[in-house]
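Subject: A structure to look through

Dear colleague,

I am passing on a structure that I would like you to look at beside these notes. Please keep it open while you read, and find each place as it comes up.

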Amino acid sequence: MATPLTADRLLKALRDEGLEVHEYRDWRTHNRNSKGPWGPVNGVMIHHTVTKGTDSSVELCYEGHSSLPGPLCHGVIDKSGAVHLVGNGRANHAGLGDSDVLRAVVDESALPPDNEADTDGNRHFYGFECINLGDGEDPWPEAQKLAIEKVSAAICRAHGWTQRSVIGHLEWQPGKVDPRGFTMDSMRSRVAKRLGAKPDGPAPKPPATYEPFPGTDFFRNGRESKIITAMGKRLVAEGCGRYEEGPSPEWTEADRKSYAAWQRKLGYSGDDADGVPGKTSWDKLRVPNV
């Protein structure tokens, strides 16, 4: 028996195992604790979603549906092996299961057949839904199975458990078949092997998908670029020089001051940095050879 991991400890354990982890919405406070206790925790339970598509599956596991409110697990493992955290606390994933199975998990002994549904599993198990149709035909990519192995090992490592604390839904509740497509004995063997070695360490952070100001650090550090300086000076002299009669009526005092600051950054001074475009002659410029 163990006290559940805090959100920070769970996140760190997963990332320290080398997993790519995404935090979905307010997962840290999203739970069903108002409906029953959470903990002591005794193991990790693996499921399949019977869905396809990452975004829709993660949303479903977060929100739940009309007959079963979310979260429906603690994390969703997608086909690429990324983990999407959707809940922290009690989650609607395990339901009622066999008390003899729970006793075996606590004792870390061989599992008996699950032939009863008399014990609240949502209290005792971390739950991870894996995106798969569960029809026996939808493939399980190795990256996804590796992530299941790592997730299970990370939580077992954090609590000091062995691989026998990892079970499938089909081993807990009579009538369930998930996860379908690999055996839990084979997965426990993988987890045991992983627990016998050190964790992989934090996975490298994925590259940013959007950089608002490319090159900002270059200039923030006081560095200069002759090419960019020359381009700026040509823009001042030629491009803005087309305003032969000065700026348009919409040109404000704030615009003038901003433009003057840009001129000074490019090396102009005096009348050539008055904030009015079109007055600087290209012939007057001393542009570096580039």
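Arg25 sits in the loop that runs between strand E1 (21–23) and strand E2 (43–48), and in this predicted model Arg25 has a positive phi of about 45 degrees, although Arg25 is not a glycine. Most residues other than glycine have a negative phi, and most peptide bonds are trans. Arg25 has a relative accessibility of 47% and therefore counts as partly exposed, since the class called exposed begins over 50%.

A positive phi is also found at Val50, a residue other than glycine, where the value is near 60 degrees. Val50 belongs to the loop between E2 and helix H2 (54–63), and because its relative accessible area is 51%, Val50 is exposed.

Next come the peptide bonds. Which kind of peptide bond, cis or trans, joins Gly70 and Pro71? The bond between Gly70 and Pro71 is cis, with an omega of about 5 degrees, and Pro71 itself is placed in the loop between strand E4 (68–69) and strand E5 (75–77).

Conventions:
Residues numbered from 1 in each chain as written. Predicted model: local features only at pLDDT ≥ 70, side-chain atom pairs only at ≥ 80, totals over all residues. Heavy atoms only, no water. Helix = DSSP H or I, 4+ residues; strand = E, 2+ residues; numbered from the N terminus. Buried < 20%, exposed > 50% of the residue type's maximum accessible area, 1.4 Å probe, protein only.
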